[in-house]
Structures are given as structure tokens and as C-alpha cells.
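Subject: Structure handover

Hello,

Here is the structure I promised you. Please open it alongside this email, and read on for what was found.

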Amino acid sequence: MNETLDQGGASPLPGPHPTKGRKAFGNHETPSGEGDALPSRADPGSGAQRPFGLWRGGPEGQRPSGIARRALLAAPAVLLVRPARALDLPAAGLAQGGFVQGRAAPGTRLALDGRVVRVAADGAFAFGFGRDHAAASTLAVTHPGERREERRLAVARRQWSEQRISGLPPAQVTPDAETLARILRERERLATARATDSALAGFAGGFVAPASGRISGVFGSRRILNGQPRQPHYGLDFAVPTGTPLKAAAAGRVTLAASFHFFGDLVVIDHGHGVNTLYAHLSRIEVAEGQMVGRGDRIALSGATGRVTGPHLHFSLSWYQVWLDPQPVVLPA
Ligand SMILES: [Zn+2]
């Protein structure tokens, strides 16, 4: 028995989607809520409808600078040597819920739909697209030397499953005022932790799965609780027994180690550049806020704290407030 109510249905917000679809294969989880704080409002470009398109150089893209023109006169071969890979942007994450890790020439500046994307000294960067992101985004690239271009990124649409849970106690679907106040305070704390904008580079060093076990809940599934639409599931659930050691998915700094209503005992780790992971329903937290951890380090034991009906790990990945699908990142096919 491992049903969970971890995120609880506490969200007074109705789910944004119609209630048709398939049943999720895991129903381990939660009625909604917690993980779902600020779901799509923070999605860059989520409201915009743009035509599909692949990356296209901007109007300045083909034009050599004055220096380059002079170089051409002096040494014709120079112009044939284009910068090797001015921007390395794998196509893998260009989808709803997708996590994109790329590399640019050092000194490149990036903005995704007007939002600055932090670029490390060595050129590493990361960003992501929310579950309900529009069909395209625009990445503004300012290359070293100030040449600018805009790249149109096509964001592949995904299908999300549906999870229906009925027969829940009404208080778990619609919490009382006191519980709701606590939930909102905790949501704020979590949002603050996830807003951390550090120069840490853990995100660029690769990810490992925080646990091994059956996947009992997937990212993005719609939640219908006692017939009421609630916010989607924004994590990946590992069905592991209480007391299972859990690993930090990547290197970083612990920004939150606390006990929440829905998530129970939880840990949030900042991996730099707005990339965070979250571990919930823990039976024991073995790290402290501010502590640095390495990829794969043991950070906690799994459990069934918070609003759950059985032990499991709820694991989330986000770019600032944008929840992303952790599965392709920590369990690549
Ligand atoms: Zn979950």
C-alpha cells in the first residue's frame, strides 16, 4: 500500500485541463498542490503562440564585422574559419517539461523569451520549459564581440496522463483555513529556495537517479480528486521502502531542509543557475541548510512523512519556478 496524498489537494486552484485522458499507471501520489506552486505563471513564453520553426540566424548573423572584412582583405582564409561551435544546444530538451543543458563560447550572453539565462565562465548554461509551454521560444544570443542573433526554438508538445483518486477524506481535497495558511507559508518558503540564483556549476556535472526502484508516478499527470480537477503532478515518484538511502542527484548546496504539511520532511538542493532538485516524504534528513553536497552523496532516508498513504520518494527538478520532467535527466532511456 503506497498511495500518497503528499501534495495534497490543498490547492484551491482548479486544474487547467479538461478531464479526459488515460489513467496514470502510478497512483501513488498526491492530489495536487505543493509541488505545484506557481506552475505556469513562471513559464517563459507560456502564453505566446508562435509559429513552429527551427533556429534561424538573425539579420546580423551573416554579416562580417569591419574587423573581419579587413581580415578578409589581409588573409582571405580567415573568413572561412567560422567559430567552431558558437552555441551548442542539444535538441533533447526542446519539449514541454524539457531540461536543456548547453554550452556557449565563454562571454556569450543569453536571454530566453526576455529572461536572462546565466552563462558560466566556461560557457555552460541551462534552462527549461514548463509542462504547458507554448510551441516555441525565442533565445536571444549575444556572441562575444557583440554580434547578436535570435534563435527560434520549437518546443515539442507532449501528452500527459491522467490520475483519478476518489474516496479521499474531504479535508484532504479542501483543507481548512488554518491548514491552508500553513500550506501557503510553506509554498512561499519553497518558492524562495527555488528562486536561488547562484553561480554553482553542479548542474553541468551530470545527474544520477536519487534512488532505484519502480517508478510509481510520472511528471505532468493530471489530477482529479474526488472528481475535482487539481494541479498536475510535478515530480517523479520512486516506490522505495522507508529507510532507503537517497542520493543527491547532482552536486550543489542544500537550500531547504524542513518539515512541510504535504511534502513531509524535504530537502531542496541548488545546483546553480536556477537548477534545483527536491526530495520529499523523507524519514530522516542527513544534511543541513547551507551544506555543500557532491553528486551521489547520501542526503536522506526515504519515508512516508507528509500527506501520503505509503512510503515513496517524490523527486522534482526545476529551473527557478518552472517544474521540469526529471525522468529523462536522471533515468535517460
Ligand atoms: Zn510525487
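The largest nonpolar core has 65 residues. Such a core is a set of buried Ala, Val, Leu, Ile, Met, Phe, Trp, Tyr and Cys residues joined through C-beta atoms within 7 Å. Buried means that 20 or more other C-beta atoms lie within 10 Å of a residue's own; exposed means 12 or fewer, and partly exposed is in between, with C-beta atoms placed from the backbone. L110, F125, A126, L266, V267 and Y279 touch the most other members. Strand 16 (residues 275-282) gives the largest share, 5 residues. Domain 1 (34-39 + 158-330) and domain 2 (66-154) both contribute, so the core lies between them. The domain bounds come from an automatic or database assignment.

This is a predicted model: local features need pLDDT of at least 70, side-chain atom pairs count only at pLDDT 80 or more, and totals for chains, interfaces and linings use all residues. Residues are numbered from 1 along each chain as its sequence is written.

Now helix 3 (residues 177-194). Helices (H or I, at least four residues) and strands (E, at least two) are DSSP runs, numbered from the N terminus. Its buried residues are I183, E186, R187, L190, A193 and R194. The face turned away carries exposed residues, including A177, E178 and T192.

Finally, L153 sits in strand 7 (residues 148-154). L153 counts as buried because it has 23 C-beta neighbours inside 10 Å.

Best wishes

How values were computed:
Expected span 1.5 Å × (residues − 1).
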